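Please keep the structure open beside you as you read.

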Amino acid sequence: MNLATHVFDAIIVGGGGAGLRASIELAQSGLNVAVISKVFPTRSHTVSAQGGINAALGNNDGYDDWRWHMYDTVTGSDFLGDQDAIEYMCKTAPENIYELEHMGLPFSRNNDGKIYQRAFGGATRNYGAEQAHRTCCAADRTGHAMLHALYQKNIAEKTQFFNEWFALDLVKTDSGIAGVVAMSIETGEVVFLKARATVLATGGAGRIFQSTTNALINTGDGFGMTLRAGLPLQDMEFWQFHPTGIYGAGVLVTEGSRGEGGYLINKDGERYMERYAPHLKDLSCRDVVARSSTIEIREGRGCGPKGEYVLLKLDHLGEEVINKRLPGIRDLAITFAGVDPVKDPIPVVPTCHYIMGGIPTNVNAQVLTVKNNQDHVVEGLYAAGECACVSVHGANRLGANSLLDLVVFGRAAGKHIQQSIREGLGFREPTQADIDAALVRLERWNNNTGGENVNDIRSELQKVMQDDFGVFRTAENMREGFKKLEKLQARLKTASIKDKSNCFNTSRIEALELDNLMETAIATAYLANERTESRGAHARYDYPERDDTNWLKHSLYYANGEIAFRPINMKPLEVEPIKLQAREQ
């Protein structure tokens, strides 16, 4: 295939928070940067983030310290997080918040005009001593406000956008990544986007599960591209199930609803989190609350005719507080659950929400691979946001650290690319064979005929992942799940689409997305089966204890089925743990 070539200093794949923050950093420095997004950027999944973004500002507590934020993040990660990256994120959080404020993000305000901060799960002061109010927010639509502010800033900086374009695959050379091959969804045109640096900011992949808060676009595109380029994915066994997805719909009810004073009850009206986590109760880490709710349902204390959900009670907060702090949640509850939280509790269940694993990167957002047990930077390739695993979240992400991750490491990617280009980062020249390799998938779907329907395979994949690799896992269930996944893989190779047209062919896009979902699911299954312990969001009935002796390490998966490991960075950048002392108030 003869492809047109477009040349940029940097290509950003993904128009969500991480991608738009990286592009701002590059565009305002005068570099030629383009963003590829398969939806209009303000429809990227960041727009649905509700609760807020963490930073140790101390606006509602009088004083806060980034070291307390770091402590919470390390312990919340169940000690699987890399402490150099966690320190960098928590230490730079306040300046990132103020940059967003100056870009025009309309934060909620206290009476003194400072940014309002609410309580969130796992956030403490004085190293776990008391609840902290650390989460900056714009009511319960923080992601929406952030994404629009970032997009408007990009327009001001004249970033070039390829809206409704789908990235097919990375173009890999012997010396690194040369760019991406992408297709216009509108016309079917395929082009080679060549760049000194390529940033993957493609978001998560919650659509591998049957019940998820993720949008239809969250199909693991960056994960599939990375694996097909021969690079590893890290810690893919760690999927976070949010405690409060609306029953029957999967729509997220923000943790901010509990931060404002809401709480969970079972069919007996009992606040059961007081039993499981007497200290932080409903604002314990998400893995704890999700597992507690699942146990309540499994042991017969769930609500409803079939006992399939628990209830989130907000009515005691009063109509004024709900309308001021949680207006979006009230709308969602009325629309998707048929209840008004001012009067009645919301039926909720743990629902797949976020992946802690992803493409391994360092603090500069450079993608890493492992050769001879040593980390090696992949030249010209970066990743940021949910698709990346710089491992600030480890085995379990704290609420409101995700939006922070986006802006901190999107910004870090932009800064490092600037510096690298100043120091001489050039283009890598691909051969025709390199470009052809990135087109193999597209050619397969264009040429396959007579195979089975994509929708059937996707539905079965989601059911297998929900049933056999969900909140709780066992070797027996996963063994059965593996057999089903192998059959689905084989069926996918011969699947086909009937519509071969070029203009807005959504069938072709869904087929290409299913390739990525399958790659993601297989990586998850292999590593979930490999890790014989329970840590953070990875909970195994057959190995209920955390095993620091054998499993205090990152897991890696390659497309050929190879599994490897990397050490956790337990050493912070500047602050040694011994020096972490409580600061006088």
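1. Let me start with a contact between two side chains: Glu452 and Arg491 form a salt bridge, with N and O 2.7 Å apart. Please bear in mind that this is a predicted model. Glu452 belongs to the loop between α13 (440-447) and α14, while Arg491 sits in helix α15 (residues 475-494). The two residues are 39 apart, and the pair links distant parts of the chain. Glu452 has a relative accessible area of 28%, so it counts as partly exposed. Arg491, at 24%, is partly exposed as well.

2. There is also a salt-bridge network to look at. Shared partners connect Asp78, Glu237, Arg531, Glu533, Arg535, Arg546 and Asp548 into one network. Across the whole structure, the search finds 49 salt bridges.

3. Next, please look at Lys38 and Glu513. Their salt bridge has its closest N and O atoms 2.6 Å apart. Because Lys38 lies in the loop between β2 (33-37) and β3 (53-54) and Glu513 in helix α16 (residues 506-530), the pair ties together parts that are 475 residues apart in sequence. Are these two residues buried or exposed? Both Lys38 and Glu513 are buried.

4. Arg330 and Asp340 make another salt bridge, at 2.8 Å from N to O. Here the parts tied together are 10 residues apart in sequence, because Arg330 is in helix α10 (residues 327-337) and Asp340 in the loop between α10 and β14. Arg330 and Asp340 are both buried.

5. Now for strand β7 (residues 165-173). Of its 9 residues, 8 are buried, so the strand is largely enclosed by the rest of the structure. Its partner is strand β8 (residues 176-184): the two run antiparallel and are joined by 8 bridges.

6. How many disulfides does the structure hold? The count is 0. Take Cys352 as an example: the closest cysteine sulfur belongs to Cys389 and is 16 Å away, which is too far for a bond. A disulfide would need the two sulfur atoms within 2.5 Å. Cys352 has 0% relative accessibility, so it counts as buried. Cys503, by contrast, has a relative accessible area of 53% and is therefore exposed.

7. My last point concerns the second largest pocket, which has a volume of about 540 Å³. Its lining is made up of 19 residues, and those nearest its centre are Thr294, Arg298, Pro350, Gln466 and Val471. Which elements give two or more residues to this lining? They are α8 (286-298), β14 (346-355), α14 (454-468) and β19 (472-473). Helix α8 provides the largest share, with 3 residues. Sorted by class, the lining contains 8 nonpolar, 7 polar and 4 charged residues.

Technical notes. Residues are numbered from 1 along each chain as its sequence is written. This is a predicted model: local features need pLDDT of at least 70, side-chain atom pairs count only at pLDDT 80 or more; totals for chains, interfaces and linings use all residues. Side-chain values use heavy atoms; hydrogens and water are left out. Buried means under 20% relative accessible area, exposed over 50%, partly exposed in between (1.4 Å probe, protein chains only). Helices (H or I, at least four residues) and strands (E, at least two) are DSSP runs, numbered from the N terminus. Two strands pair if DSSP finds at least two bridges between them. On a 1 Å grid over the protein atoms alone, a cavity is a set of points where a 1.4 Å probe fits but cannot get out, and a pocket is an open set with protein on both sides within 12 Å along at least five of seven lines; lining residues have an atom within 4 Å of a point. Grid points are joined across faces, edges and corners, and a volume is the space filled by probe spheres set on the points. Ala, Val, Leu, Ile, Met, Phe, Trp, Tyr, Cys and Pro count as nonpolar, Asp, Glu, Lys and Arg as charged, and the others, Gly among them, as polar. A salt bridge is a side-chain nitrogen of Lys or Arg within 4 Å of a carboxyl oxygen of Asp or Glu.
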